[in-house]
Amino acid sequence: MTLPPLDPHVAARKGFREAEDRIKRFWKTVTVEAGEGGWAVRLDGRAPKTPAGAALILPTEATARLVADEWEAQGEHLDPASMPATRLAATAIDRIPLARAETAEEISRYAGSDGLCYFADGPEALVARQQVEWGPWLGWAERDLGVRLIPACGIAHVAQPPESLSRVRDLALELDDFSLTGLATAVGLFGSAVLALAVQRGALTGDAAYDLSRLEEAHQESQWGVDAEAAERTAHRRAEAELLERWFAALR
C-alpha cells in the first residue's frame with residue numbers, strides 16, 4: 001500500500017495549502033527545538049502545521065532534522081515533491097492514529113501476495129538470480145520474524161498461512177505511528193512486506209531492498225536497454241527507498 005499523497009505546502013500560520021498556490025519561501029532560518037511531546041521544526045521561530053492543523057512535532061531529534069533539512073533546501077517556491085519526510089510526518093500525525101488497524105491489515109494483505117514469493121518461470125538466469133537473492137530474505141522472515149511465506153513459480157496466486165499474515169499484522173501494530181507510516185509506504189514501494197520490514201528493522205538498506213524488488217525489471221533492462229522515462233522513474237523510486245531507510249534509522 002502506498003498511502004494517499006499529502007500536500008506538503010506549509011505556511012507557518014495557515015498550515016498546508018494546495019499545490020497551485022505556489023507558496024513562496026517566507027522564512028530565512030530553519031531550526032529544530034525540543035518541546036512538549038517531541039521535537040519541533042521552526043521557521044524563523046514559527047511552527048508549521050500539518051494539513052489538519054496539528055503541530056508538526058517529531059518523536060526524535062533526528063526525524064525533526066530530516067524534515068528541517070527539506071525546508072532548508074527549498075528555493076524561491078516550495079516544491080512538494082522534494083519534501084517526502086515532511087509528508088511522512090504529516091501522515092503519521094494526521095491520518096495514522098485514526099487508521100492504525102486498517103493500515104496494519106493492508107500491510108498484512110501485501111504479505112499475502114508478497115513479491116518475493118513469486119519466482120519467474122523463465123528465463124533460467126532470472127530464476128536463478130531470484131532464488132539466490134530472494135531465498136535468504138524469505139528465510140530471514142521465517143527465522144527472525146516468525147513469518148513463513150510459501151514461494152511459488154509463475155503468477156498464479158498462492159494462499160499464505162493465516163498465522164503468518166496475522167503475525168505481519170501484529171508486527172505492524174507494534175510500531176509507533178511514525179514507523180507504521182514508513183512501513184505502509186515501504187510495502188507499496190517494494191511490493192513486499194518482507195522487504196519493508198527488513199528495511200524498517202535495519203536488516204537491509206533501502207537501496208538494496210529496491211534492487212531486490214525489481215530483479216525482473218533489471219533483467220529486462222539488461223536485455224533491451226533503458227529509456228529516459230524509465231530511468232527517471234527508477235531514480236525517483238530509489239531516492240524514496242533511501243529516504244525511508246533514513247526515516248527508520250532516525251526513529252530508532
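**Exercise 1. State which residues Gln160 is in contact with, leaving aside its neighbours within four places in sequence.**

Solution. Contact requires heavy atoms within 4.5 Å. With those neighbours set aside, the partners of Gln160 are Ala111, Gly112, Cys117, Arg148, Leu149, Ile150 and Leu165. The model is predicted: local features need pLDDT of at least 70 and side-chain atom pairs 80 or more, whereas totals for chains, interfaces and linings use all residues. Residues are numbered from 1 along each chain as its sequence is written, and side-chain values use heavy atoms, without hydrogens and water.

Next, locate the residue: Gln160 lies in the loop between strand E7 (152-153) and helix H5 (162-173). Its relative accessible area is 6%, and Gln160 is therefore buried (under 20% relative accessible area, 1.4 Å probe, protein chains only). Finally, a polar atom of the Gln160 side chain lies 2.6 Å from the backbone nitrogen of Ile150.

**Exercise 2. Classify the ring pair of Trp27 and Trp71.**

Solution. The structure holds 5 aromatic pairs (ring centres within 6.5 Å, taking the six-membered ring of Trp; planes under 30 degrees apart are stacked, over 60 edge-to-face, the rest tilted). For Trp27 and Trp71, the centres are 5.2 Å apart and the planes stand at 70°, so the pair is edge-to-face. Trp27 belongs to the loop between strands E2 (15-17) and E3 (30-35), and Trp71 to helix H1 (residues 61-72), 44 residues apart. Both Trp27 and Trp71 are buried. Together with Phe26, Trp27 and Trp71 form one aromatic cluster.

Terms used:
Helices (H or I, at least four residues) and strands (E, at least two) are DSSP runs, numbered from the N terminus. Buried means under 20% relative accessible area, exposed over 50%, partly exposed in between (1.4 Å probe, protein chains only). A polar contact is a pair of N or O atoms within 3.5 Å; within protein, one must be able to donate a hydrogen and the other to accept it, and residues adjacent in sequence count only if both atoms are side-chain atoms.
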